[in-house]
Amino acid sequence: MNNKILVTQSSMPRIEEYMDEIEGLWDSHWLTNMGAKHKALQQELKGYLDVENVELLTNGHMALELTLQAMNLQGEVITTPFTFASTTHAIVRNGLKPVFCDIDPVTYTMDAEKIEDLITDHTCAVMPVHVYGNVCNVEEIERIAHKYELKVIYDAAHSFGETYKGQGIGNFGDASCFSFHATKVFNSIEGGAVCFRDQRLGNALYELKNFGIHGPEEVSAVGANAKMNEFCAAMGLCNLRHVDEEIDKRRLVAERYRSHLEGVEGLQLNRVQPEVRFNYAYFPIVIDEKAFGASRAEVFDRLAEQGIGARKYFYPLTNTFSCFHREYDVSEAPVALHISKRVLTLPLYADLGMEDVDRICKVILGCKV
């Protein structure tokens with residue numbers, strides 16, 4: 001089918017703009033190891049995100065994994081199963097135990113009211129996730145963390161460019177980790193970043209991402225290799241110039257969806273939170289089969305038959321992954337399980353045509369009995 005609609009499409013600058021950005025690399029031959037493009041993007045992101053410090057990494061997963069490692073944590077980390085594999089894997093790969101907290105049925109973020117019941121003598125941190133651009137209950141999480149002396153690391157992969165009560169979203173917690181993957185609102189092809197206040201964390205992250213090297217003859221720590229290269233940083237510089245325009249285009253797409261789907265019995269649409277400058281990263285719908293007259297699977301299949309890509313995002317829950325050999329009790333997060341079996345994220349990207357949105361909605365509403 002020649003009019004296939006993918007669930008997402010990477011934002012890219014004009015090829016001429018990118019070529020202009022990378023042209024100087026042929027003169028310098030400096031392609032990685034924190035070159036000029038890397039440093040420029042780092043500075044630009046500090047301003048755009050309105051944060052004190054940014055450390056760039058090769059991807060969002062390494063941002064999570066190395067942040068946990070840099071904090072030298074031991075024990076249990078309270079997190080959510082309603083997330084991408086990266087969140088949970090970063091915890092496990094650090095030798096830490098994920099403890100799964102259920103989610104709020106409206107925002108799909110960690111239900112902060114359930115955190116304290118999960119805290120034990122072994123709890124060392126909380127890793128909440130801003131989901132679909134919905135911001136966690138940062139005030140309550142901060143209160144709990146302060147009370148129990150816990151670290152807070154936000155998985156902020158879905159919340160690039162957002163503010164809450166006028167503050168850049170990267171200012172909350174001890175660290176906020178971003179993904180600049182090609183599918184995100186802002187991308188550097190592949191890439192990631194950690195925002196933080198404590199420079200000691202920044203120093204540890206730098207060591208970990210660069211083999212622990214501090215000079216040609218000084219290696220003071222055992223580190224990994226997670227440096228962003230210059231070509232990715234150049235793409236980031238280009239895309240950052242246009243990201244506000246891209247978000248505005250996404251807003252128009254989301255509003256078009258709402259014009260068709262708002263108030264339809266059996267469909268729960270995502271609410272834009274008050275006091276949040278939203279980035280329109282995703283457009284999820286939650287389908288109540290009994291009220292709507294068709295299941296999530298039926299809607300998904302009908303869309304696929306018409307060449308329309310949708311995604312069961314997040315399904316399955318991370319605490320049901322086969323790699324964990326049924327180690328976790330999925331019944332401990334019933335709301336997350338309920339939503340995961342019913343949620344569908346619809347195609348959403350800046351250049352999605354309004355006629356395509358109309359066609360997608362027509363297919364969805366055609367499933368309703």
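## The three-stranded sheet

Three strands, in the order β7-β6-β13, make up an open sheet with antiparallel pairing. (Strands here are DSSP runs of E with at least two residues, helices are runs of H or I with at least four residues, and both are numbered from the N terminus; two strands pair if DSSP finds at least two bridges between them.) At the edges sit β7 (167–168) and β13 (276–277), each pairing on one side only. Strand β6 (residues 163–164) is joined to β13 by 2 bridges in the antiparallel sense, and Tyr 164 has Val 276 in β13 as its bridge partner.

A quick note on the source: this is a predicted model, where local features need pLDDT of at least 70 and side-chain atom pairs count only at pLDDT 80 or more, while totals for chains, interfaces and linings use all residues. Residues are numbered from 1 along each chain as its sequence is written, and side-chain values use heavy atoms, with hydrogens and water left out.

## The seven-stranded sheet

Next up is an open sheet of 7 strands, ordered β1-β9-β8-β5-β4-β2-β3, and its pairing is mixed. The edges belong to β1 (53–57) and β3 (97–100); each has a single partner strand, so one side of each has no neighbour in the sheet. On average, neighbouring strands are turned by 25 degrees against each other, direction ignored. (Axes are lines fitted to C-alpha atoms, for helices over the stretch in contact, and angles run from 0 to 180 degrees between N-to-C directions.)

Over at β1, the pairing with strand β9 (residues 192–196) is antiparallel and takes 5 bridges, with Val 54 opposite Cys 195 in β9. Helix α7 (residues 199–209) packs on the sheet, touching β1, β8 (175–179) and β9, and its direction makes about 15 degrees with that of β1. Contact, by the way, means heavy atoms within 4.5 Å. Helix α5 (residues 85–92) lies across β2, β3, β4 and β5 and runs at about 135 degrees to β3.

How many residues of strand β4 are buried? It's 5 of the 5 in this strand (residues 123–127), so β4 is largely enclosed by the rest of the structure. (Buried means under 20% relative accessible area, exposed over 50%, partly exposed in between, with a 1.4 Å probe and protein chains only.)

Strand β2 (residues 76–79) runs parallel to β4 and is joined to it by 4 bridges; Val 77 has Ala 125 in β4 as its bridge partner. The pairing of β4 with strand β5 (residues 151–155) is also parallel, over 2 bridges, and there Val 126 partners Val 152 in β5. Between β4 and β5 the chain goes through helix α6 (residues 138–148), making a right-handed β-α-β crossover. (Right-handed means that, with the strands pointing away from the viewer, the path from the first strand over the helix to the second runs clockwise.)

## Where α8 meets α12

The axes of helix α8 (residues 230–261) and helix α12 (residues 354–366) come within 10 Å and cross at roughly 35 degrees. Leu 252, Val 253 and Tyr 257 are among the α8 residues involved, meeting α12 residues that include Met 354, Val 357 and Ile 364.

The C-alpha atoms of Gly 366 and Arg 302 are 9.2 Å apart, with the two residues separated by 64 residues along the chain.
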